[in-house]
Amino acid sequence: MKSISKTTLDFLKELKENNTREWFNEHKPAFQVEQTKAKEFYNALMERLKTHDEIESVKIFRIYRDVRFSKDKTPYKPHFAGNFVRGTKRLRGGYYLRIRPGESFLAGGFWEPNKDDLLRIRKEFEMDTSEIREILNDKNFVKHFGKLKGDALKTAPRGFDKEHPDMDLIRMKQFIVTREFTDEEVLNPNFIEEIGVSFKAMRPYFDYMSEILTTDLNGVSTID
């Protein structure tokens, strides 16, 4: 069973404290060792995900930061992170995992829905939120994720009644679920199982949103 090594967290802690090109170049062999172990973990997690979902690929993000338009000019991300892409046009949403000392978390959902998808979601909520609220209030969902998170408008989006009883959902711009982990949890040999269980707990939410985003308001498929 794959697990996260203490040396991985130790390296990331040192990188955060010494986030310079000079230090990184000097310690690049150590980085390459930890990067290889991290990739093995993410690939093992992908195989676990494939047992209950259709996963097309895993994208492990580069550690190098794009500092061109950032006030933070540190050149490296003191974490490993990856995104698991669901397969076929009918399966929407994505799984994400970040390993960072003291700030590790998994996430899933819809970070930046395009204009058409966002309107479709809002129209569905305008019409009926009984199903999504049942999912969000389910004990298993609450146990793993607490509540649905994401940026939201301060008021009703254009074209929607500001007095609508479901405006708390309609005004959302992102639809994200997250679960945070302590370093102790990350280093636990069962960590990969815990992530797998949480990702599986997203499925009712993903299935609901996928159905919305691949049909019109009458339930007719929009997928060729």
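Begin with the lining of the largest cavity in this predicted model: its residues divide into six nonpolar, two polar and two charged. To display this lining, select Phe31, Gln35, Ile60, Phe61, Arg62, Ile63, Lys77, His79, Phe80 and Ala81. Two elements, α3 (28-49) and β2 (80-86), each give two or more residues to the lining.

Next, turn to the largest nonpolar core. In soluble globular proteins, nonpolar side chains tend to be buried together. The core here has 56 residues, and those touching the most other members are Phe84, Leu97, Phe175, Phe191, Phe199 and Tyr205.

With residues up to four places away in sequence left out, Phe175 touches Gly108, Gly109, Phe110, Pro113, Leu118, Ile121, Phe125, Leu148, Lys149, Leu169, Tyr205 and Met209. One of these contacts, Tyr205, is also among the core residues that touch the most other members.

The last stop is Ser210, in helix α10 (residues 203-213). Is Ser210 buried or exposed? Ser210 has a relative accessible area of 4%; because this value is under the 20% cut-off, the residue counts as buried. To see what surrounds Ser210, select Arg86, Arg90, Leu91 and Arg92, which Ser210 touches when residues up to four places away in sequence are not counted.

Definitions and conventions: Residues numbered from 1 in each chain as written. Predicted model: local features only at pLDDT ≥ 70, side-chain atom pairs only at ≥ 80, totals over all residues. Heavy atoms only, no water. 1 Å grid on protein atoms, 1.4 Å probe; cavity = no way out; pocket = protein on both sides within 12 Å on 5 of 7 lines; lining within 4 Å. Helix = DSSP H or I, 4+ residues; strand = E, 2+ residues; numbered from the N terminus. Nonpolar A, V, L, I, M, F, W, Y, C, P; charged D, E, K, R; others polar. Core = buried A, V, L, I, M, F, W, Y, C linked by side-chain atoms within 4.5 Å. Buried < 20%, exposed > 50% of the residue type's maximum accessible area, 1.4 Å probe, protein only. Contact = heavy atoms within 4.5 Å.
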